Amino acid sequence: MIKYRLRPNVVVKIERRLHYPRKLSVLSTILSILIAFGVAGAALTILGADALIAYSQIIAVFITPSLLIETIKYAIPIGFAALGLNIAFRMNFWNIGAEGQIYLGMFASTGIVLLHVYYGMFPEYFVLPMMIVTSFIAGGAWCALPSFLKAKMKVNEILTTLMMNYIAIYFVDYLIYGPWRDPKGFGFPLSIPFPEYAKLTLIFGESTYLGSILFIAMATLVYCILKYTKLGFELKIVGESLDTARYAGTNLTKVITLGGFLSGGFAGLGGLTIVSGIIGRLRPRASAGYGYTAIIVTLLSTLNPWLIIPTSIFFGGLFVAGNTLQVTLNIPGATIEMLQALIFLFILFGELFKRYKITILTGGGKPEP
Amino acid sequence: MEELVHLHGIVKRFPGVIANDNVDFTLKRGEIHALLGENGAGKTTLMNILYGLYKPDSGEIYIEGRRVEIRSPKEAIKLGIGMVHQNFKLIPQHTVLENVILGLKDVGFIIDSKKIGEEIKKLAEQYNWKIDPHVFVWQLSAGEKQQVELLKILYRKAKILILDEPTSVLTPQECKYLFYALRMMVKEGRGVIFITHKLDEALAISDRVTVMRRGKVVATKNTWETDIKELASFMIGRPVLFNIEKNKTYSDEELVIVRNLKVFNDAGVLSLKNVNLTIRKNEIFGIIGVTGNGQQELAEVLAGLRRPVDGEIIIDGIKIVDPNPQKMIELGVAYIPPEPMKYGVAPNLSVIDNLFLKAYRYRPYSKKIFIDIKKMEKKAEEIVEKFNIVCPSPSIKVRSLSGGNIQRLILARELSELIGGVRSKLIIATYPTKGLDIAAAEFLNKSLIEYSKLGTSILYITEDIEEAMMVCDRIGVIHDGKIVGTFKPGEVSVEKIGLMMAGADASISS
Amino acid sequence: MGTIYLIASLGEVYAERSGVLNLGLEGMMIMGAAISFIFTIAYGHLVAILMAALIGVLMSLILAVMAIHLRLNQVIVGLALTLLGLGLSGLITFPDIRRRILSSLNPSLPESMLMIQQAEKLPEIPIPLLSQIPLIGKTFFTHNILVYTSLILAIIMWFILFKTRYGLIIRSVGENPSMADSLGVNVFLVRYVTVVISGLFASLAGAYFFIGFHPFWREGVTAGRGFISLALVILATWNPLRAILGAYLFGGVETFQYRLQLFGLGAQSPYFLAMLPYIITIITLILISIESIRKRIGVPASLGTPYSREEA
């Protein structure tokens, strides 16, 4: 416990909390977000942009039906990546590489489309399921490599996953500027547009987005994995202590590698939903840092797969708002990045209020010993 | 002689225990003062108070007659106190010189490694040490690392030297060097406090001996006025704490057979040199010895946590090839590890999770890839009731439990036949009663004895001779990676056992 | 080209040697670039470099407070700072905002200056005599002042780290903070200083990149170079002298990549070349995980773990 005496009769007492009430945690999160909006608004106003317009645009994104659909579309890749990170963080594996794993997912799903269109492989109805499976495997493999290295040789996963993001991005760049460029695309770095049966709007048309059904199914799956399977139990032990897990006879290499694979796999599905749900083709730098946003989302949702849904919708909305701000209102889209960063920082600060109890004592001039 | 240190009425309480109960202690200039006692007697706590790591609840500290308050090691160093911890506090990737001068203010901005190197070399030569100040610490042997620790203190001109179990990592040869050097150091006007639990060592090196037991000072004697018998009675001569009726039928069937076992420790040194032992069904086989003589490694090999270099392990007729924890668990080996908080439990997980730390993957609690939480919860409640684990609910975090309850939890997990509903064939218990109060210790020992009657073999590793005599059916003494003698309780006197624990070499020299 | 990596990684070497991973490098770098862009137009190079230095110090102080004092996760705080840097610097891409900032900074600026996307480049200083050497003279001895400074700095920083008392303290804090603490070293202060150094150098690297090399503003102008510098620290195995070699290797790879594009050679190869630094770094990471190599090189053992006395 630390005590600071500001004035003779004002004492600030800081002590570690043993338990914190759930209400407080929700409150501090909401408060952090509001403060972030306030600070960003002040910055914008000083810089001469109209913060009110920007914020009304952000609110519009969540209440206008057409924009809300767009928001959900953007929320889904973030949500998928966050589902994966949920698994990784649970076993104390700091996967910073969701971004790269998203790119691998985009690579795999586009690959399947091209194989079908150019070489006539697999029947039409088989294309989308194939895309789902391969994008999961590709993203998973991209994360299984660092997780295997961590399990076997204790290679620092923060650095490997971070570096592998760039390798993945350049790899997709290479494909799209090179062999995968659409020959009829006037030289633009774009793949061929995906046929309708390779899009996630397949069954019910534009208004009911298949991506969201897929997402809810996967969130349920993750919830069940964590709660009801041996792997879920093992992830919990491994995250708690490697020594304990070893003592308990848990196969560390298997659990960490598999956990990494699942983590990357869900990010890979996120990649699929970008090319097949939002853009409808592959283009370079198709993910605007969703993999990094997913880190915030995961931490914000306190490793609870269900809370990922509202949290990623919120951040998906920010991305959509960013796009519209830039195009229609001439307010910098970078505002959104700044806003994200500020929310991030203030929530981290908010953590402290959860961890420590701060009481300010203003006694009647009775200085404590 | 002038008093360098005077501790008066020191009291230190930890949750549930009094580690130091009104302790008085003095160190005179020019003497080596042995602080003798079993593990947990409160020696290290007392010295940590002197070194500023703990704050005493009450009591006074005088250094050279002046009353002082020591709030941190930094202040202790300033007062001329230096401590060599049991685990070296050195940075292996740095050179000897860098380790010695770290934190010193008067070495200047640019480190003149030539000049300081010479100084360190000269200092080392004073004590007949040959140390190159420019080599990296990871290249040094344990004995040399200890010399670096001492150099670190001497270079800071310390007058009061505290050595915590300094010989536990040394070879007999290195011990002799150390004793010689310590003699030199006190001749130069310093005082040395030598913490140990080895009787022969205390007699061989010290001028005075203070014996501690259960947090209290039992006696302080001039070394030439006492002998090993008297010290042993001070140290372990407590009344029998509890009596256990065994009423056992013994079996001749050999369940565990270990032949010519050789194992490396973490430092890559052969710590089990050639171990042979057999444990019969129903039998509690005790291993006693001074910590660091290979008992930890023995336990870990049998639990599958460490690979043997050579030798043979047979459990219930099955030869163990390439052991790993999972394999051993499935064979019916249960393990109660030392320091439960370190890896015996996952402190942030619930009591239920910790009870099923191993069993989660076996029927009936698991089917294919799934686990059956309902069954786990039900069984957990049953176990909590049966083993009297005091907790508000089985879903509470283990962190919030008391030490005794955590040990009960581990015991419950290992004895509850959770894995396939089958009783364990072998239970390895390492220092199971360490840190427990008498009632908890008694409960644990009784549970183990009851369990052994059912046909399980138990390997009981302890440092406490009395306890081993009471609980075990046969006892082996381990020294320097070998079992140096096996006997039944009562066959051999406590003093003789003490000498065996100290090793044949040491017993001749004392 | 390599100089940007060299400057940034020098600071990061210090932070990591003391046990703090500064993942905000990219954000601090781009803020350095953005600030130097604005202030070069408003007040010229000297002020620009000073202000860039200041922004780096400010941003790293945020990291220091959050990661060292409040013991929040370094990785997360670092990433948040990178995001913040990208967001804030992105704002000046907008002409309206830039005009407003510039005109309030220096009201006497002519209208034409308020809209330009380009800043004046630092002058190149040929070293007398040496630069006259045919063939190699121009390549090796005609550069701007920051290039020369960075080389001298690398040597000085190597010397401080390995040959002085302060360097020893920094390295010890990174290896074993609780031990350093018990010997009277102020662990928090040391880490504050090294983190501020890393922020300072990162933003200076950004400033160098912009006004010394590529003075054309666009959003995200540093394009991940902060992360490459992070990789370089590993490749250099936390040694400022080895960072020189690594920096010019990475710089060389990048220049080669541009050349190839320029001549239209190997249309695909630039992407693989761009991957190269990251691949080399991952291989280095694997190599230094091998116990026998790790022991010799001295990977800072406490890297990424906050220090707290009560838990030690």
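Reader: To start, how many helices and strands does chain B have?

Author: Chain B has 18 helices and 22 strands, where helices (H or I, at least four residues) and strands (E, at least two) are DSSP runs, numbered from the N terminus. This is a predicted model, in which local features need pLDDT of at least 70, side-chain atom pairs count only at pLDDT 80 or more, and totals for chains, interfaces and linings use all residues. Residues are numbered from 1 along each chain as its sequence is written, while chains are lettered from A and ligands numbered from 1 in the order in which they are written.

Reader: Why are helix 4 and helix 10 of chain A called oblique to each other?

Author: Helix 4 (residues 98-119) and helix 10 (residues 252-279) of chain A pack at about 55°, with axes 6 Å apart. Axes are lines fitted to C-alpha atoms, for helices over the stretch in contact, and angles run from 0 to 180 degrees between N-to-C directions. Under 35 degrees counts as roughly parallel, over 145 as roughly antiparallel, 65 to 115 as roughly perpendicular and the rest as oblique. The two helices of chain A are therefore oblique.

Reader: Which classes do the residues of that contact between helix 4 and helix 10 of chain A divide into?

Author: There are 11 nonpolar, 9 polar and no charged residues. Ala, Val, Leu, Ile, Met, Phe, Trp, Tyr, Cys and Pro count as nonpolar, Asp, Glu, Lys and Arg as charged, and the others, Gly among them, as polar.

Reader: Last one: how do you know that helix 9 of chain C is largely enclosed by the rest of the structure?

Author: Count its buried residues (20 or more other C-beta atoms within 10 Å of a residue's own; exposed is 12 or fewer, partly exposed in between; C-beta atoms are placed from the backbone). In helix 9 (residues 165-175) of chain C, 10 of the 11 residues are buried, so the helix is largely enclosed. Among them are C:Arg165, C:Ile169 and C:Glu175.
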